[in-house]
Structure formats: C-alpha cells, structure tokens
Amino acid sequence: MEKTETSFGIVHGDAHIDNLEMEEMPDGSYNVSLLDFDQAGHDYFIVDIGTIVWNANYMMFVDHRLDRIKRIDQFKEWILESYGWNTTEEELKQGCLWRREYMYATALGALATTPKEDPVHSSALKFVAAHRAGLIPSC
C-alpha cells in the first residue's frame, strides 16, 4: 500500500469495541469516541478501520451469527461510505488481515507467557488452533 497523506499518519492503533464509547443522538445517529491511546502511532489509517470491521466480524463469528456475512457486508459498505477517503474494499480487507494477524501474534505471545491454569491461556490456545485451521475470518 502506498504511503500518502490520505493513507498514512497518526492512528489509534487499537480501535476495538472496548475502546469505543458510543452516545446515541436524538436523531438516531451516534457520536463515537475512541479511548485508550497507548498504542497510538504512525501507520496506515486503514489499520484502525480494519480493526473495527475485523472485531465486529470476529464477534459475530464467535457468537455463531447465522446472518454474519450479510451483516458484515452491510457494515463494510457503511464504513467505506462514511470513512471520508477514497478507500477500496481491497484496502479494507488488508486492514482486517493485519488485525487478524496481530491477534494471532498476541495469542501466541499469551501461550508463551501465561500459566496453563489461567483462562487467558485456554482462550489463546483455542484462537491459535482455529487460526491454524483457517477458521478465523478476516473480513
């Protein structure tokens, strides 16, 4: 991906659902604020958008949502329409893939550093096994 003013700069770096605060407005729209900027830095802007989309897709996957594909396709359409830059679906897929691989690396790190009796170890083990089996969706 080419580094340009509209593709690369300061990003949040960890824009998942637990770092979002949403306030519903009287007209039914939402104000969204990002919290927890400890991983902020310079990267491709699509990393933050990819993280949001990947997280939504992964949570529906974990919850066994039968309408996951339909819902994530609609969500991607909304994200691309409202993002404000000329971003393609291919770039969005790359952002999702980066997040998925980051989560895989994080799970591998947890396996190496977390005691086996810790529930985090069990969760990481399941994620790594599912990733290696090709079951973890991107977007």
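Q: What makes the largest nonpolar core a core, and which residues have the most contacts inside it?
A: The largest nonpolar core has 24 residues, and those with the most contacts inside it are Ile49, Val53, Trp54, Leu92, Cys96, Phe127 and Ile136. The set is called a nonpolar core because such a core consists of buried Ala, Val, Leu, Ile, Met, Phe, Trp, Tyr and Cys residues joined through side-chain atoms within 4.5 Å. Buried here means under 20% relative accessible area, exposed means over 50%, and partly exposed covers what is in between (1.4 Å probe, protein chains only). In soluble globular proteins, nonpolar side chains tend to be buried together.

A word on the ground rules: this is a predicted model, so local features need pLDDT of at least 70 and side-chain atom pairs count only at pLDDT 80 or more, while totals for chains, interfaces and linings use all residues. Residues are numbered from 1 along each chain as its sequence is written, and side-chain values use heavy atoms, with hydrogens and water left out.

Q: Which helices each supply at least two residues of this core?
A: Helix 1, helix 2, helix 3 and helix 4 each do. The largest share, 7 residues, comes from helix 1. Helices (H or I, at least four residues) and strands (E, at least two) are DSSP runs, numbered from the N terminus.

Q: What does Val53 touch, not counting residues up to four places away in sequence?
A: Val53 touches Ile72, Phe75, Lys76, Ile79, Leu92, Cys96 and Cys139. Each of these counts as a contact because heavy atoms lie within 4.5 Å.

Q: Why is the link of Cys96 and Cys139 called a disulfide?
A: The S to S distance for Cys96 and Cys139 is 2.3 Å. A disulfide is a pair of cysteine sulfur atoms within 2.5 Å, so the pair qualifies. The two residues are 43 residues apart, with Cys96 in helix 3 and Cys139 in the segment after helix 4, so the pair links distant parts of the chain. The link is right-handed, with 90° about the S-S bond. A search of the whole structure finds 1 disulfide.

Q: How do you know whether Cys96 is buried or exposed?
A: Cys96 has 0% relative accessibility, so Cys96 counts as buried.

Q: How do you know what span to expect for helix 4?
A: The expected span is 1.5 Å times one less than the number of residues. Helix 4 has 14 residues and should span 20 Å; its end C-alpha atoms are 20 Å apart, so the two agree. The buried residues of helix 4 are His121, Ala124, Phe127, Val128, Ala130 and His131, and what covers them includes helix 1 and helix 3.

Q: What span is expected for helix 3 (residues 89–113), and how far does it reach?
A: Helix 3 has 25 residues and reaches 36 Å from its first C-alpha to its last, close to the 36 Å expected. Among its buried residues are Leu92, Cys96, Arg99, Arg100 and Tyr104. The buried residues of helix 3 pack against helix 1, helix 2 and helix 4.

Q: What makes the largest pocket a pocket, and about how much space lies in it?
A: About 770 Å³ of space lies in the largest pocket. On a 1 Å grid over the protein atoms alone, a cavity is a set of points where a 1.4 Å probe fits but cannot get out, whereas a pocket is an open set with protein on both sides within 12 Å along at least five of seven lines; lining residues have an atom within 4 Å of a point. Grid points are joined across faces, edges and corners, and the volume is the space filled by probe spheres set on the points. Of the 29 residues that line the largest pocket, the closest to its centre are Leu20, Met22, Ile52, Ala56 and Phe75. Helix 1 gives the most to the lining, with 8 residues.

Q: Why is His64 called exposed?
A: The relative accessible area of His64 is 65%, which is over 50%, so His64 is exposed. His64 lies in the loop between helix 1 and helix 2, and has a positive phi of about 55° although it is not a glycine.
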